[in-house]
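Me: Please show the sequence and the structure, and then let us go through the model by question and reply.

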Amino acid sequence: QMFKGFEKLKDVQYVYTPFDSSLCGVKLEANNKKQYLLTGQILSDGKVLIHLCNYIEPWDDLSLSQKKSLNQRYQMGCGCKV
């Protein structure tokens, strides 16, 4: 599990989304065989929220360059906060 928000949250057990797609809710396969790259928000109460406007992609659909960048290079040479 890779999570870039550890300075805000030490452990993420649940990810929340609205009830259905008409409310921008996201449907993910709920099995241990599929991994996802999820972007979202950390709410003031500590909940992690995702919706259809966020970047959500099955990990296996990412290119090798994207995976390498996320795992190793994302913060190199940028002044961004992750």
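Predicted model: local features only at pLDDT ≥ 70, side-chain atom pairs only at ≥ 80, totals over all residues.

Reply: Residues are numbered from 1 along each chain as its sequence is written, and side-chain values use heavy atoms, with hydrogens and water left out.

Me: Which pattern does the protein follow along the sequence?
Reply: Helices (H or I, at least four residues) and strands (E, at least two) are taken as DSSP runs and numbered from the N terminus. The protein has five strands and one helix. Read along the sequence, the pattern is β-β-β-β-β-α.

Me: Is the aromatic pair of Tyr14 and Tyr16 stacked, edge-to-face or tilted?
Reply: Rings of Phe, Tyr and Trp (its six-membered ring) pair if their centres lie within 6.5 Å; planes under 30 degrees apart count as stacked, over 60 as edge-to-face and the rest as tilted. The structure holds one such pair. The centres of the Tyr14 and Tyr16 rings are 6.5 Å apart and the planes are at 45 degrees, so the pair is tilted.

Me: Which residue has its charged end over the ring of Tyr16?
Reply: A charge sits over a ring if NZ of Lys or CZ of Arg is within 6 Å of the ring centre and within 35 degrees of the ring normal. Here the charged end is 4.9 Å from the centre of the Tyr16 ring, and the residue is Lys47.

Me: How many disulfides does the count come to?
Reply: A disulfide is a pair of cysteine sulfur atoms within 2.5 Å. The sulfur of Cys53 is 4.9 Å from the closest cysteine sulfur, in Cys24, too far for a bond. The count of disulfides comes to zero.

Me: Is Cys53 buried, partly exposed or exposed?
Reply: Buried means under 20% relative accessible area, exposed over 50%, and partly exposed in between (1.4 Å probe, protein chains only). Cys24, at 29%, is partly exposed. At 65% relative accessibility, Cys53 counts as exposed.
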